[in-house]
Every structure is written in C-alpha cells, then in structure tokens.
Amino acid sequence: MVSYSIAPALPVGLSFDSATGEISGTPSVIAGSSTYTVTAVNSGGSTSFGVVITVNDSAPSTLSYTSPNVFTKGVAIAPLSPSVSGGAVVSYSVSPALPLGLNFDTVSGVISGTSSVISGSSTYTVTAVNSGGSTSFGVVITVNDSAPS
C-alpha cells in the first residue's frame, strides 16, 4: 500500500489526495511560484518529488475608454478612466506617448491634463497587465487649436 503526503500546504482551493497523490481543485488565491514536495511511502521506503505550482490571476479583459476624444489645446480635459473586467490590473502602459501636456497614470490607467500641442487624430494603445496576461484598447485622441477670439 502506498500513501502520499505534500509539504507545505497547497494554495487555498487546491486539495491533495493522500491515497492517490492527486492534486485537484480550483485555486482561490494568487500564489507566487513555490515548490511543493510530494512524498510517496510504502513498506519498501519512500521517494519525493518537487512540484512547482504558480497561481496567476485571471487575465484582465474588455478594456475600454470613451473614444474617440476631441480636446482643445490649452484646455484641461475631463479625466478619462478605463473600464476593465477580469482580474485586477497591476499596471497600465500607453504607446506611443500621449500629446505633450496629457498625463498617463500607470497605476490607474487614467488619462488627464492639458495638452500644450495640436495633434491630429491618433490612436494610443493602452495595455492593462497582471500575472495572468494582458488586454489592450486603442484610444483615439485629437487635439485641436483653440478658437480665435
């Protein structure tokens, strides 16, 4: 008869069958890469093996912003906040760089500020990332000159 054990304890949501050595379940917490040592024992002795398990977040998905956007040079914009579903976003990036004077928050994904330049209609790709993957959205921004007075 063979029995199995594992150390340390598995991430929450995973279970270990000591009769078969099977790991199963659905993890409910994010866990960095760790080695779990499985040991099989019978009347003849024992053997062990290290199983490396990483639990990533579910990837962010369905990222979007209000788009297209037409702003005026020298006029503060109403901040543009992203809408995103899926796992929690760890960081955001934008490419290419926004028109001079507009700011991009890499933690929240919010676009804000006051453009100091005129810019034709361009698409700025915002990407949201976490341990499970990424998703992107093209935000269209145009910055017009201020009206003559």
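**View 1. Three strands form an open sheet in the order 1-4-5, with antiparallel pairing.** Strand 1 (3-7) and strand 5 are the edges, each with a single partner strand, so one side of each is left without a neighbour in the sheet. From one strand to the next the twist averages 25°. Strands (E, at least two residues) are DSSP runs, numbered from the N terminus, and two of them pair if DSSP finds at least two bridges between them. Axes are lines fitted to C-alpha atoms, and angles run from 0 to 180 degrees between N-to-C directions. The model is predicted: local features need pLDDT of at least 70, side-chain atom pairs count only at pLDDT 80 or more, and totals for chains, interfaces and linings use all residues. Residues are numbered from 1 along each chain as its sequence is written, and side-chain values use heavy atoms, without hydrogens and water.

**View 2. A hairpin connects strand 4 to strand 5 through 2 residues.** Strand 4 (residues 31-42) and strand 5 (residues 45-55) pair in the antiparallel sense over 10 bridges. Thr 39 has Ser 48 of strand 5 as its bridge partner, and Ala 40 stands opposite Thr 47 in strand 5. In a regular strand, side chains alternate between the two faces of the sheet.

**View 3. An open sheet of 4 strands has mixed pairing and the order 7-13-12-9.** Its edge strands, strand 7 (69-72) and strand 9 (91-95), each pair on one side only. Neighbouring strands of this sheet are turned by 30° against each other on average, direction ignored.

**View 4. Strand 7 pairs with strand 13 (residues 133-144) in the parallel sense.** The pairing runs over 4 bridges. Val 70 has Thr 142 in strand 13 as its bridge partner.
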